[in-house]
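Reader: I am new to this structure. Could you walk me through how its helices pack?

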Amino acid sequence: MSASVPGPPAGPPMPGGDGRAGDRAGVEHAALRAESLNSLGRHDQALAVASRALASDPGDSELLIQAAVAHLGLGAPEESRRLLYSAAALDPGSARIHRILSFVALQEGLLAEAVQAGLRAVQLSPFDSLAHAQLARALARQGDRASAVTAAGRAIELAPNSAETHIAMADVLFPDGTRPPKADLARAEEHLGRALQVEPSNAAALNDLARIHLARGHGVRAAGHLASAVRADPMTEVMQRNMDVVFISLVARAHWVLFVMWFVTRQVFREGGGNSPRWVPLVLAVAGLGIIGWVLLRLRAQIPAHLGAFVRGFVRRERVGTLWTACLAATAVLFVASAVAPDSVREGLLLWAWVPLLAGAVLSWVRVGRSRRQR
């Protein structure tokens, strides 16, 4: 959707005209303009437009909704919820207002309130598939899986060709932060496939499909889907964060493979004089370069146009992850150096490789601890 172009400045009412009708048209225009800006992720501008219009007409529920959406996008869910309650007081029969209120409450972790608002939306509009989909998500977060599946199933019955209803079912079957059974993962993947048949570039469906691949340990495939999701919706930061998770998972696997190989070769394959045989650093060097090269080549294949931008964003967002990646690279460099170095320094370089390996292990624990605290 393209941004609306502001209309010409409003002049005085025409002779014989209705000034109130002109004011009303201006309010409606402001609401449409704010909605367009919100859809583009320009929430600060949307809030400015809605706030100016609300100053002249504080009783317009649509302006209150758009202001609430803008506040949510700007990270102020409490203010968003307050505005939605004001809108609901002005228009108590609006299922849309209660549906959005349920969404906002869910973002704040107010699960009982989210379910209550979702139920109210369904009561007001029992044939609204989006209301049932939102109720399903709220019920799933509250832990009532059976009711959540029922609500999502009802949403699909009402709109079987809607991507949103199938995404809602996938979210119910595979909520964030859980490890569902394989059967639920398979069902979730099936519904996401249907959603992508309807909307091949749906960012939410691509993001959820990436989560499924990541849960199965298919990190590179997850990166591909997330890259597509970022291209489809570059304004959504959650896609970028999920890409970070995928990249860190690949770094973790590479790190621990090298860690185990180094430990085994140091403890088992040794010759007289305490020196490792020449083939040990060669094997470690080939393994280090091979693993890192494989990760980079696969990421390059999955993210052909955005790899550089992703790496720069990763360094900015993930300081611990960046240090961990640097440790992995340092380990590979030391392995290569030990493979080509003379015998007199070869063993010392292999011993030094323990330093970044150990540092990477510590950073992995720090990264896991941070992730658990952020849930």
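This is a predicted model: local features need pLDDT of at least 70, side-chain atom pairs count only at pLDDT 80 or more; totals for chains, interfaces and linings use all residues.

Reader: Let us start with α6 and α7. At what angle do their axes cross?

Author: Helix α6, residues 111–124, and helix α7, residues 129–142, cross at roughly 155°, and their axes come within 8 Å.

Reader: Are they roughly parallel or antiparallel to each other?

Author: Angles over 145 degrees count as roughly antiparallel, and α6 and α7 are therefore roughly antiparallel to each other. Their crossing is left-handed.

Reader: Which residues make that contact?

Author: From α6, the contact involves L111, A112, A114, V115, G118, L119, A121 and V122. Helix α7 contributes A131, H132, L135, A138, L139, R141 and Q142.

Reader: And how many of those are nonpolar, polar or charged?

Author: The contact of α6 with α7 has 11 nonpolar residues, 3 polar ones and 1 charged.

Reader: Changing topic to α3 and α5: how far apart are their axes?

Author: The axes of α3 (residues 61–73) and α5 (residues 95–108) lie 12 Å apart, and the two helices pack at an angle of about 20°.

Reader: Why are these two called roughly parallel?

Author: Angles under 35 degrees count as roughly parallel, and with an angle of about 20°, α3 and α5 therefore fall into that class. The crossing of α3 and α5 is left-handed.

Reader: Which residues meet there, and of what class are they?

Author: On α3, residues S61, E62, I65, Q66 and L72 meet R96, I97, I100, F103, V104 and Q107 of α5. By class, this contact of α3 with α5 has 6 nonpolar, 3 polar and 2 charged residues.

Terms used: Residues are numbered from 1 along each chain as its sequence is written. Side-chain values use heavy atoms; hydrogens and water are left out. Axes are lines fitted to C-alpha atoms, for helices over the stretch in contact, and angles run from 0 to 180 degrees between N-to-C directions. Helices (H or I, at least four residues) and strands (E, at least two) are DSSP runs, numbered from the N terminus. Angles under 35 degrees count as roughly parallel, over 145 as roughly antiparallel, 65 to 115 as roughly perpendicular and the rest as oblique. A crossing is left-handed if the near helix is turned anticlockwise from the far one by less than a right angle, and right-handed if clockwise. Contact means heavy atoms within 4.5 Å. Ala, Val, Leu, Ile, Met, Phe, Trp, Tyr, Cys and Pro count as nonpolar, Asp, Glu, Lys and Arg as charged, and the others, Gly among them, as polar.
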